[in-house]
Amino acid sequence: MRVHVVIRYIGMVLQFVALFMLVSAGVSMLNNYDSAFSPLLLSSFMTSLLGIFPMFFVEKVDEIKTKEGYAIVVGSWLVACIVGMFPYLIWGGEFTMINAWFESVSGFTTTGASILNDIEFLPRGLLFWRSSSAWIGGIGVVMFALVILPSMGKSRHMLSNVEMSTIARDNFHYRSKVIFRLLVTIYVGLTIITTIALKYSGMTWFDAVNHAMTSCGTCGFSTKNNSVAFWDSGLIEGIMMVAMTLSAIHFGVLYATLTGKRNNIFRSEVVRTFIIMMLVISVIIAISLVAADVYSNFGEAMRHASFQVVSISTTSGFATTDTNLWTPLAMVLLIFCSVICGCAGSTSGGMKVDRLLIASKVIRNRMKIQLHPNAVIRTKMGGMVQEESTQNLVMTFIVSYIMLTLIGTVVYTMFGCDILTGFTASISCLSNVGPGFGEIGSMSNFSQLPVVLKLCSTLLMLIGRLEIFGFIQLLFIRSWR
Amino acid sequence: MLKRVVDIFTLKSIKGRVQLAFASIILLLVFSGALSLFELERVSHDTEEILLQSKMSTDLAREMVTALNEQNDAMIEMAVIGGNIVDIAPYYKGCVASIEHLSNTALRAHERMVEIGSPEITDSLMLYTARINDLTNRYINGDVHRAIFSDSLAHITPHSWYVECYKPEYVNLSKQITKFMTGSESTLGPDVNSLSLTARRAVTPVFLSLVVMIVVTLMFYYFIYHYLIKPVMRINHSLGEYLRYRSPFDKDIACRDEIKSLHDRIMILIAKLK
């Protein structure tokens, strides 16, 4: 593996991160040079220096090997999270070393969990940086750097293969350049449209931009302590639900829909399953909430239930109410949403509906083979036969996900958390959702957790964001050469 | 100049690249140093501000205590010790002056508390100041004596009036001055907290710059080794092999700068020797 090549491309990603820090410093400047201005400016400079330094020495290469691609992607996430701490650390306040690391990882992995007790106390520049990290994370640090920075030549495709979810990759039939363009066009376009819609439904421009960025990044960071509940507006919630849902759908499918191609939203089995799943769960939760007298009428129950289901299923994690007060059935269904999450090829994390579908079909086919041992049964999805290797990969992923969740739960409970908090924290971090239940409910945060658990949470977030295997590759780095 | 810049960014000049690397390290140092200095300046300014505010409160409290004690001394002389008009005349004047002094100082203290948004701290102080000044005024205007010689207060003497009426007010006002002292100090709490924040901001940039510098230095070492030392060692080794055994000179070198130029010239020289 050519270490210098890896360093060069990580450096390019850092340039992109530095650019966003500079934009945040600009926001700070517009707000009468608030206290975040100098921290953001210095962070931008340091990040830019770290990124540009390798470019003085390493030439661009035409071809990147698979292992180098992995190293660049994983390295970029890690380094982006590290430099993302700089503005928080320099600004101070609640941001100790571990808190800054937590907030940075939570942003870049689009988890949206926070350690902040008073979000509104943060200067606007820093709030914008917080949302920016989530927005960058939404599409993938590497992905963005590849689109924006034009000097990567043939190496683009290799990185996109590594960065995108393995299932999403199979669905992309477009050429690599088109992939990058469509991703950015859809992502930026969706963010702009959401911003305008939120502005005209009652938010200020600043809040609208921040919430649009974190909705499209499926992160869930808010500029208010009470999250979306602050506005108490059905219209705002509706707009955000649409933005979150679209961001959790395969971007290739969105592109196909926009360009009138065959494999569009209405014909996609995965999207259909995703939407139906959210609808059914919302209705069940609403009924259970009305039955338990949590809400007096079905309309109100449905409004809160559907927002929470969409927010959790898309791995955003915005809140309009304290779900800790909901019925056990509602809680279990929300935990189920936290596990399954959105579609592959989107900004959401978690196990993904695609894997759930393939796994359920594999199980069904195995049962058929039990009954008819000589039958030749193929597993199909969207009319395409899924190869044995894909099926194995899906099952391995699911087993790994379950194992990691259990290990995470053990660690959380080992350090004093109750089982509900431990289990849901483990799932919510691994799926990059954000809120869980118990001590880390939708209206509370991770600030009260001990340092070890904050570290454990960030580790799970990184593992989850890199689709488990991307991170595990790091453990075998020695055998790469 | 333009050619040099182009050479650096097209990786053709090792000298320019090394210079640029050093320049960026120095720039980082200067930038973080400047930011730390700026934050230290703020720490110094904030500290000065806090100390000044603290001193102002102490001065006001001291002035009030002095005025109150002057008034109390005068009242003791006039009401308790007593004497003829000539003896008590200076105390009478002192008493009048202290009333004004006490009123003005209490008013200044109240205005300051209003300014920093905590007027409740001096509300009682203003009340007790007004009450004690009113008592003193009544005494020096002769209202108390008239009341004593009339039937309404016939059972008390000036001495007992001092003990029963004036002394409790004196004690109350003393307590209020102490309350003002502690109250005004506690209002500095947020400023002190902000001071610790600013102090951290002054230190963190330097710490982070140091970390970045270490990383940059490590990268610098790695790149210098990879792109300068290693190729030179290879060229040297290959040239040695050629001179000793006439084995072919190493043609594979992956750079475009002066090292490549040196390599190419050696190859030309070898070709000429053949």
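## Helix α18 of chain A

In α18(A), the buried residues are A:T421, A:G422, A:F423, A:T424, A:A425, A:S426, A:I427, A:S428, A:C429 and A:L430. The model is a predicted one, and in it ten of the twelve residues of α18(A) are buried, so that this helix is largely enclosed by the rest of the structure. The cover over the buried residues of α18(A) includes α15, α17 and α19 of chain A.

From its first C-alpha to its last, α18(A) reaches 16 Å, which is close to the 16 Å expected for its twelve residues at 1.5 Å a residue. Just after α18(A) comes A:N432, which takes a positive phi of about 60°.

## Helix α15 of chain A

Helix α15 of chain A runs over residues 328-340, and its 13 residues should span 18 Å at 1.5 Å a residue; the end C-alpha atoms lie 19 Å apart, in agreement with that expectation. The residue A:C341, which follows α15(A), likewise has a positive phi, near 60°.

Within α15(A), the buried residues are A:A330, A:M331, A:L333, A:L334, A:C337, A:S338, A:V339 and A:I340. What covers them includes α13 (269-291), α14 (298-313), α16 (353-371) and α18 (419-430), which belong to chain A.

## Packing of α17 against α19

How are helices α17 and α19 of chain A placed relative to each other? Helix α17 (residues 388-414) and helix α19 (residues 451-465) of chain A pack with their axes 10 Å apart and at an angle of about 170°. Since angles over 145 degrees count as roughly antiparallel, α17(A) and α19(A) are therefore roughly antiparallel to each other.

On the side of α17(A), the contact is made by A:L404, A:G408, A:V411 and A:Y412, and on the side of α19(A) by A:L453, A:C456, A:L460 and A:I463. Sorted by class, the residues in the contact of α17(A) with α19(A) comprise seven nonpolar, one polar and no charged residues.

## Chain A as a whole

Chain A contains 20 helices and two strands. Its radius of gyration is 22 Å, close to the 23 Å that the globule rule gives for 481 residues, so chain A is as compact as a globular protein of that length. Taken along the principal axes, the C-alpha atoms of chain A fill a box of roughly 65 × 55 × 50 Å.

Of the 481 residues in chain A, 58% are buried. When the contacts in chain A between residues at least 6 apart in sequence are considered, 72% of these join residues at least 24 apart.

## Contact between chains A and B

Where the two chains meet, 18 residues of chain A are in contact with 24 residues of chain B. The side of chain A that touches chain B draws at least two residues from each of α1 (3-30), α2 (37-57) and α3 (66-91) of chain A, and α2(A) gives the most, with ten residues. By class, the residues on this side of chain A divide into 13 nonpolar, four polar and one charged.

## A proline in chain B

B:P168 has its place in helix α6 (residues 158-186) of chain B. Is B:P168 buried or exposed? A residue with 12 or fewer other C-beta atoms within 10 Å of its own is exposed, and B:P168, with 11 C-beta neighbours inside 10 Å, therefore counts as exposed. Computed C-alpha to C-alpha aside, the sequence separation of B:P168 and B:I132 is 36 residues, and their C-alpha atoms are 9.5 Å apart in space.

Methods
Residues are numbered from 1 along each chain as its sequence is written. Chains are lettered from A and ligands numbered from 1 in the order in which they are written. This is a predicted model: local features need pLDDT of at least 70, side-chain atom pairs count only at pLDDT 80 or more; totals for chains, interfaces and linings use all residues. Two residues are in contact if their C-beta atoms, placed from the backbone, lie within 7 Å. Helices (H or I, at least four residues) and strands (E, at least two) are DSSP runs, numbered from the N terminus. Ala, Val, Leu, Ile, Met, Phe, Trp, Tyr, Cys and Pro count as nonpolar, Asp, Glu, Lys and Arg as charged, and the others, Gly among them, as polar. The radius of gyration is taken over C-alpha atoms; the globule rule is 2.2 Å times the number of residues to the power 0.38. A residue is buried if 20 or more other C-beta atoms lie within 10 Å of its own, exposed if 12 or fewer, and partly exposed in between; C-beta atoms are placed from the backbone. The expected span of a helix is 1.5 Å times one less than its number of residues. Axes are lines fitted to C-alpha atoms, for helices over the stretch in contact, and angles run from 0 to 180 degrees between N-to-C directions. Angles under 35 degrees count as roughly parallel, over 145 as roughly antiparallel, 65 to 115 as roughly perpendicular and the rest as oblique.
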